Amino acid sequence: METVIGNPLIKALIILFLLSATTAAGDAPFIISHKKASLTRLKSGAERVSVSIDIYNQGFSTAYDVSLVDDSWPKDLFDIISGNTSNSWERLDAGGILSHSFEIDAKRQGMFHGAPAVITYRVPTKVSLQEAYSTPILPLDILAERPTENKLDWAKRLLAKYGSQLSVVSIVLLFIYLVATPSKASAAKASKKKS
């Protein structure tokens with residue numbers, strides 16, 4: 001066994017096999033997708049959800065017939081305001097990025113847990129469509145009662161952020177005031193010397 005592995009021709013063939021296996025696996029597209037959702041409270045009391053999905057091709061070849069479907073927004077809970085929950089592109093080059101966004105309005109109050117979006121794409125070397133999933137969104141507390149902001153909250157935030165600097169500056173100013181202002185005892189001595 002040792003003589004077989006010790007043979008330089010066998011070692012070269014093993015290395016060639018391992019290199020070809022790693023490059024063959026690296027030739028396919030590698031799709032990564034990130035889904036984000038943010039809430040915006042409107043003046044009318046409604047709440048708008050802005051959803052954006054970014055699709056990245058981290059592989060070394062192009063993905064063709066890329067389609068995105070995000071069916072995690074039920075029609076009885078949300079109304080689509082702008083955009084679509086699905087989209088398709090002809091291709092996604094290696095190292096490329098595709099972005100898709102849409103806005104929806106919430107109809108009811110409550111906690112919502114969204115599912116990942118589904119991305120399908122075609123690889124030229126394979127017959128069947130490939131599937132990838134986006135990251136799921138964090139739970140959204142839709143139309144939740146949020147405490148109103150107090151008028152002094154800005155002062156508390158400034159004090160918490162700059163409190164240490166404010167104390168140092170006030171100590172320095174107090175020291176300068178004490179040094180620059182004559183005391184009453186020295187002022188009394190100065191008036192006695194004048195008389």
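Here are some questions and answers on the aromatic pairs, the sheet and a surface patch of this model.

User: Before we dig in, what kind of model is this?

Analyst: Residues are numbered from 1 along each chain as its sequence is written, and side-chain values use heavy atoms, with hydrogens and water left out. Local features need pLDDT of at least 70, side-chain atom pairs count only at pLDDT 80 or more, and totals for chains, interfaces and linings use all residues, since the model is predicted.

User: How many aromatic pairs does the structure hold?

Analyst: Rings of Phe, Tyr and Trp (its six-membered ring) pair if their centres lie within 6.5 Å; planes under 30 degrees apart count as stacked, over 60 as edge-to-face and the rest as tilted. On that basis, the aromatic pairs number three.

User: Are the rings of Trp73 and Phe112 stacked or edge-to-face?

Analyst: Their centres are 5.0 Å apart. The planes meet at 25°, so the pair is stacked.

User: How many residues apart in sequence are the parts that this Trp73 and Phe112 pair ties together?

Analyst: Helices (H or I, at least four residues) and strands (E, at least two) are DSSP runs, numbered from the N terminus. Trp73 sits in the loop between β3 (63-69) and β4 (78-82), while Phe112 is in strand β7 (residues 110-112). The parts tied together are therefore 39 residues apart.

User: Is Phe112 buried or exposed?

Analyst: Buried means under 20% relative accessible area, exposed over 50%, partly exposed in between (1.4 Å probe, protein chains only). Phe112 has a relative accessible area of 9%, so the call is buried.

User: And are Phe78 and Phe112 stacked or edge-to-face?

Analyst: Again the ring centres are 5.0 Å apart. With the planes at 75°, the pair is edge-to-face.

User: Which residues form one aromatic cluster?

Analyst: Trp73 is buried at 7%, and Phe78 counts as buried at 5%. Together with Phe112 they make one cluster: Trp73, Phe78 and Phe112.

User: In what order do the four strands of the open sheet run?

Analyst: Two strands pair if DSSP finds at least two bridges between them. The pairing here is antiparallel, and the edge strands β1 (31-41) and β4 each pair on one side only. The order is β1-β2-β6-β4.

User: Is Ile176 buried or partly exposed?

Analyst: Ile176 lies in helix α3 (residues 153-180). Its relative accessible area is 48%, so Ile176 is partly exposed.
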